Amino acid sequence: MPLPLRNLLFLLMTLWALQPLGGWAAQAGVIQSVDGRARVWERSGLERPAQPNVQVFEGDTVASAAGSSVQMRMSDGALIWLRPDSQLKVEQYVTAKGSERALLQLVKGGFRAVTGLIGKLRPDDYRAQTANAALGIRGTDYELVLDRKSTRLNSSHGYISYAVF
């Protein structure tokens, strides 16, 4: 095999091998602490234990077991505390200057968040949603809880817009 073709093949195999480690998805944050048991599901379907210093990428879902909780520091400085028996999907988390945006999907359970740079610079581009509601924020500390019958929202300060689907 000619040398340039061999180099190209090596490069492609290397990129393919690195894909499960987060692929080309942007890093959204890092897990700071776990109390109990928790998992991270990648968009590819692979699953790994959630533990301190594990990176979370766009498309990942972080899940805490019953009686367990997870704390994450997002790439814009935001903090997220995932409550026991919860699942949170990080649909989008972009911190590139001028195109900052966040979209979090609460699949089950609840979480509390203190917004970071995205919430301060581009609050219209920060959203958290459940299957039946969505919220936007204005520099906020909030908690979103989803159960079988309702979506509950608590805020200690800031402005929240809320829409029911």
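**Entry 1: a charge and a ring**

I began with Trp81 and found that Arg112 lies over its face, at 4.8 Å from the ring centre. For this I took a charge to sit over a ring if NZ of Lys or CZ of Arg is within 6 Å of the ring centre and within 35 degrees of the ring normal. I then looked for aromatic pairs, for which rings of Phe, Tyr and Trp (its six-membered ring) must have their centres within 6.5 Å, with planes under 30 degrees apart counted as stacked, over 60 as edge-to-face and the rest as tilted. By this rule the count of aromatic pairs is zero.

**Entry 2: what I am reading**

I noted that this is a predicted model, in which local features need pLDDT of at least 70 and side-chain atom pairs count only at pLDDT 80 or more, while totals for chains, interfaces and linings use all residues. Residues are numbered from 1 along each chain as its sequence is written, and side-chain values use heavy atoms, with hydrogens and water left out.

**Entry 3: the chain as a whole**

I listed the helices (H or I, at least four residues) and the strands (E, at least two), which are DSSP runs numbered from the N terminus. The chain holds two helices and 12 strands, and from the N terminus on its elements run α-β-β-β-β-β-β-β-β-β-α-β-β-β. Of the 165 residues in the chain, 40% are buried, where buried means under 20% relative accessible area, exposed over 50% and partly exposed in between (1.4 Å probe, protein chains only). The chain exposes about 9,200 Å², of which carbon and sulfur atoms supply 56%; the areas come from the Shrake-Rupley method with a 1.4 Å probe, and for residues only the protein chains shown count as cover. Taking contact to mean heavy atoms within 4.5 Å, I read that residues 24 or more positions apart account for 46% of the contacts with a separation of 6 or more.

**Entry 4: the core**

I next looked up the largest nonpolar core, which has 30 residues, with Met72, Tyr93, Leu104, Phe111, Tyr126 and Tyr142 having the most contacts inside it. Such a core is a set of buried Ala, Val, Leu, Ile, Met, Phe, Trp, Tyr and Cys residues joined through side-chain atoms within 4.5 Å. The elements that give two or more residues to this core are β1 (27-35), β2 (38-41), β6 (69-74), β7 (79-82), β8 (87-94), β9 (101-114), β10 (126-129) and β11 (133-146).

**Entry 5: salt bridges**

I searched the whole structure for salt bridges (a side-chain nitrogen of Lys or Arg within 4 Å of a carboxyl oxygen of Asp or Glu), and the search gave eight. In one of them Glu47 joins Arg39, with the closest N and O atoms 2.6 Å apart; Glu47 is partly exposed at 43% relative accessibility, and Arg39 is partly exposed at 31%.

Arg48 forms a salt bridge with Asp60, the closest N and O atoms being 3.3 Å apart. Because Arg48 lies in strand β3 (residues 47-49) and Asp60 in the loop between β4 (55-57) and β5 (61-64), the pair ties together parts that are 12 residues apart in sequence. Both Arg48 and Asp60 are buried, and together with Glu42 they are linked in a network of salt bridges.

Asp85 and Lys108 meet through their side chains in a salt bridge, at 3.1 Å from N to O. With Asp85 in the loop between β7 and β8 and Lys108 in strand β9, this pair ties together parts that are 23 residues apart in sequence. Asp85 is partly exposed at 37% relative accessibility, and Lys108 is partly exposed at 35%.

**Entry 6: backbone and loops**

I returned to Asp85 for its backbone, and found a positive phi of about 55° although it is not a glycine. Asn53, also not a glycine, has a positive phi near 75°; Asn53 is found in the loop between β3 and β4 and is exposed, with a relative accessible area of 67%.

The loop between β3 and β4 also holds Gln51, which is partly exposed at 42% relative accessibility. Leaving aside its neighbours within four places in sequence, Gln51 is in contact with Ile31 and Val34. I also noted that Gln51 and Val40 are 11 residues apart in sequence and 9.3 Å apart in space, C-alpha to C-alpha.
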